[in-house]
Amino acid sequence: MKKGFDELIAKVNECGTKKVAVSVAQDEAVLEAVAEAKKRGIADAILVGDEAKIREIAASIEMDLTGYEIIDEPDMIQASLKAVKLAHEGKADMYMKGLIDTKNFLKSVLDKEVGLRTGGPLSHVCVFDIPGIEQLLFLTDVAFMTYPTLEDKVHIINNTLPVARACGVECPKIAPLAAVEVVNPKMPVTVEAEQLTQMNEAGDITGCIIDGPLSLDLAIDPEAAKHKGATGRKIQGDADILLFPDIHAGNLVYKAIVHMVPGVKNGCILTGTKVPVILTSRSDTFETKVNSMALAAVVAEELKKND
């Protein structure tokens, strides 16, 4: 049975309410999502930013700020550093972007003194609950790493595995995607996909099953796998993690699903960090922001368990 976002939220409730530090919290859409996350028992928030503006916006959306910790810091850069420090010091379980541009938000994430570096590259993962597809789909990287090398792809896989496990997928099937499902020396993406598969078989990448190169239809559609005679493959339309060759392919698929598939649900986080980072876009829906907090909460629990 597929575990969707409703099940993820139920799982959050089982492991206790988490705490999210919000960077530059004077943002209506973010405050609405934060209030809903608190209502659903997903997370309490520490709101860092211009307190007067936070209270003004909260009043306009009828948000009760009783019980919220508010740290007054009108300067956006300093607010982001104070917020990320809370996560760095273990006072918050996750870190969320508010009314601050992505460049400066990421600077706080990468800050050498109070940031969330772990020593390896960061990557982005989006989890989709798509009607008609049996399993949750983990898309990576669709927003952060532009042209990943073979070494980068190993990091992306290792960053994504805890996310999949947090969502109940103990040994995820990973499909390194390409336009074709056979190795072609003139298509470097297929060569790297085969190398990742070999590394998995040799025990250099563990905790998952890798089968590549795979075309998208073979990765997610069991009927396509049957029609193409791919019955000997380790993945036959049942991939959990879709590993994209570059940001263009990933971002195009991501936006096609979001804007063209009715009833789809998704949540996204930045991984490879000390705690999950919620890096949502202003164009993301209210529900996506709440789902992203739920996703971050279960991943935070998984990382805590591993530590």
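This is a predicted model: local features need pLDDT of at least 70, side-chain atom pairs count only at pLDDT 80 or more; totals for chains, interfaces and linings use all residues.

Biologist: How far apart are the C-alpha atoms of Phe5 and Phe105?

Modeller: Along the chain, Phe5 and Phe105 are 100 residues apart.

Biologist: Phe105 has an aromatic ring, so I wonder about pairing; is the pair that the rings of Tyr95 and Phe105 make stacked or tilted?

Modeller: There are two aromatic pairs in the model. In the one formed by Tyr95 and Phe105, the ring centres are 4.7 Å apart and the planes meet at 20 degrees. Planes under 30 degrees apart count as stacked, and therefore the pair of Tyr95 and Phe105 is stacked.

Biologist: In which elements do Tyr95 and Phe105 lie?

Modeller: Both residues of this pair are buried, Tyr95 as well as Phe105. They are 10 residues apart and link distant parts of the chain, with Tyr95 in strand β4 (residues 94-97) and Phe105 in helix α5.

Biologist: Which parts does the pair of Phe128 and Tyr254 tie together, and how many residues apart in sequence are they?

Modeller: The rings of Phe128 and Tyr254 form a tilted pair, at 5.7 Å centre to centre and with 55 degrees between the planes. Both of these residues are buried. Because Phe128 lies in strand β5 (residues 123-129) and Tyr254 in helix α10, the pair ties together parts whose separation in sequence is 126 residues.

Biologist: Turning to β5 itself, how many of its residues are buried, and on which faces?

Modeller: In a regular strand, side chains alternate between the two faces of the sheet. For β5, one side carries Ser123, Val125, Val127 and Asp129, while the other carries His124, Cys126 and Phe128, and every one of these is buried. The strand is therefore largely enclosed by the rest of the structure, and the count of buried residues in β5 is seven of the seven.

Biologist: Which element gives the most residues to the lining of the largest pocket?

Modeller: This pocket has a volume of about 530 Å³ and is lined by 24 residues, with Tyr254, Cys268, Ser281, Ser283 and Asp284 nearest its centre. Two or more lining residues come from each of α5 (102-109), α10 (247-260), β10 (265-271) and α11 (286-306). By class, the lining has nine nonpolar, 11 polar and four charged residues. The element that gives the most, with five residues, is α10.

Biologist: And how many charged residues are there in the lining of the second largest pocket?

Modeller: The second largest pocket has a volume of about 220 Å³, and of its 16 lining residues, Asn158, Asn159, Pro162, Gly272 and Thr273 are closest to the centre. The largest share of the lining, five residues, comes from α6. The classes come to eight nonpolar and eight polar residues, and the number of charged residues is none.

Biologist: Which helix gives the most to the lining of the largest cavity?

Modeller: The largest cavity has a volume of about 30 Å³, and its lining divides into eight nonpolar residues, no polar ones and one charged. The lining residues include Lys153, Val189, Ala193, Leu196 and Phe244. The helix that gives the most, with three residues, is α7 (residues 188-201).

Biologist: Finally, over which ring does the charged end of Lys38 sit?

Modeller: A charge counts as sitting over a ring if, among other conditions, it is within 6 Å of the ring centre. The charged end of Lys38 is 5.1 Å from the centre of the ring in question, which belongs to Tyr68.

Note on methods
Residues are numbered from 1 along each chain as its sequence is written. Side-chain values use heavy atoms; hydrogens and water are left out. On a 1 Å grid over the protein atoms alone, a cavity is a set of points where a 1.4 Å probe fits but cannot get out, and a pocket is an open set with protein on both sides within 12 Å along at least five of seven lines; lining residues have an atom within 4 Å of a point. Grid points are joined across faces, edges and corners, and a volume is the space filled by probe spheres set on the points. Helices (H or I, at least four residues) and strands (E, at least two) are DSSP runs, numbered from the N terminus. Ala, Val, Leu, Ile, Met, Phe, Trp, Tyr, Cys and Pro count as nonpolar, Asp, Glu, Lys and Arg as charged, and the others, Gly among them, as polar. Rings of Phe, Tyr and Trp (its six-membered ring) pair if their centres lie within 6.5 Å; planes under 30 degrees apart count as stacked, over 60 as edge-to-face and the rest as tilted. Buried means under 20% relative accessible area, exposed over 50%, partly exposed in between (1.4 Å probe, protein chains only). A charge sits over a ring if NZ of Lys or CZ of Arg is within 6 Å of the ring centre and within 35 degrees of the ring normal.
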